[in-house]
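Please work through each task before reading its solution.

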Amino acid sequence: MTTTLSERVSQSAFDGSMLRVVLLMDLHEGAQQRFFEAYDRLRHDIASVPGHLGDQLCQSFENPSQWLITSEWESAPQYLAWVNSEEHAEQVKPLGACARSMRPLKFTVLRETGRRYEAPQAGFGGRLQDGPRLGEGIVRHALTFTVKPGSEQKVADLLSSYSSPAARVDEHTRLLRTSLFMHGNRVVRAVEVQGDLTAALRHVSEQPEVRAVEQAINPYLEQDRDLTDPESARMFFMRAALPAVHHVAAHGPQPDRITRHALFYPAKPGCGPMVARFLARQDEAAAKIPTSPVLSSSIFQRDDVVVRLLDVSGPADGRFAGGFGLDGPRGAAVLDRMLAGAPHAPYPMDLITDRRAPAQA
């Protein structure tokens, strides 16, 4: 049976589909009016952001402390460019100060039905996702931050020393894998979660051994943080977020030996989204090659930081170029023009630790 490309690509920000973002919020007691005023200021700022189509602010009619903000965007890259910016971090501070919890969810729009969308004047005319994506119910996310030069080995030792937290989070959520890489003073921690990503990250952060390690690396971070202060912690993890923008995987029996690798692509100023999109096209082309050693590839991108996480059959060697359609001068030259470190980039990252949950009985 032939596996189609749409079955292999379980996630992509680059298909041009409209995006709907849902933000669930639970407010502190008595903060409703302050929150409403903060949102009213934010909506004027966001109205001029490229790609933003509109918002809805909703308050629960059962519980006044529960609120919902939905926004529509022409495409995922336009939303990610805004949500990953320093401007966004400052704009949402007043909202975050009002909330006990905030949970963002992001969806590409697959269909629009009903009288509102059937009326000729009602629709925005944006592109809809072509069809449903298939996958294994796994959410991929990464965090990245930099440490002070000279502290790299100390940080690597600390980050590889703690015991793995329990894999089971709740009845529906399980932490599957955590992989940590470094290149120079940049740290990238990638996680795979089955179920609710927010619940899994909260579960990990509450483990005593993890809290101790996070406290131990604080003096070595280039960006100060105080994880005992909820607002400081929220801003740090917001800025450290490295979202997954594309994932493609081979289907069928898996080989006995699979190795995990990461490549760091430092893009020239403003070129990060183009690098990520270029790599996504290479991944999709490589997925059609039966002899490719690459079993799966996840691309993470924030601003001009791009990381590619690879699961490879056997050891990594010169087959990478052929496996990604970059053999020959043209593809390599296109990529070089977008990278700040060319001609030596991309940079292989050092694997510090790769923790997998035990198989379920």
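**Exercise 1.** Is aspartate 40 buried, partly exposed or exposed, and at what relative accessibility?

*Solution.* The model is predicted: local features need pLDDT of at least 70 and side-chain atom pairs count only at pLDDT 80 or more, whereas totals for chains, interfaces and linings use all residues. Residues are numbered from 1 along each chain as its sequence is written, and side-chain values use heavy atoms, with hydrogens and water left out.

Step 1. Buried means under 20% relative accessible area, exposed over 50%, and partly exposed in between (1.4 Å probe, protein chains only).
Step 2. Aspartate 40 has 30% relative accessibility and therefore counts as partly exposed.

**Exercise 2.** With which residue does the side chain of aspartate 40 meet in a salt bridge?

*Solution.* Step 1. A salt bridge is a side-chain nitrogen of Lys or Arg within 4 Å of a carboxyl oxygen of Asp or Glu.
Step 1. The partner of aspartate 40 is arginine 43, at 2.6 Å, N to O.
Step 2. Both residues lie in helix 2, three residues apart, about one turn of the helix; helices are DSSP runs (H or I, at least four residues) and strands likewise (E, at least two), numbered from the N terminus.
Step 3. Arginine 43 is partly exposed, because its relative accessibility is 36%.

**Exercise 3.** Which parts does the pair of aspartate 196 and arginine 103 tie together?

*Solution.* Step 1. The two side chains meet in a salt bridge of 3.4 Å, N to O.
Step 1. Aspartate 196 belongs to the loop between strand 8 (186-194) and helix 8 (197-205), and arginine 103 to strand 5, so the pair ties together parts 93 residues apart in sequence.
Step 2. Aspartate 196 has a relative accessible area of 21% and is partly exposed; arginine 103, with 32%, is also partly exposed.

**Exercise 4.** What is the strand order of the open sheet of four strands?

*Solution.* Step 1. Two strands pair if DSSP finds at least two bridges between them.
Step 1. The order is 3-4-2-5, with antiparallel pairing.
Step 2. Strand 3 (52-59) and strand 5 (99-108) are the edge strands, each pairing on one side only.
Step 3. Strand 2 (residues 19-27) and strand 4 (residues 66-73) are joined by eight bridges; arginine 20 has glutamate 72 in strand 4 as its bridge partner.
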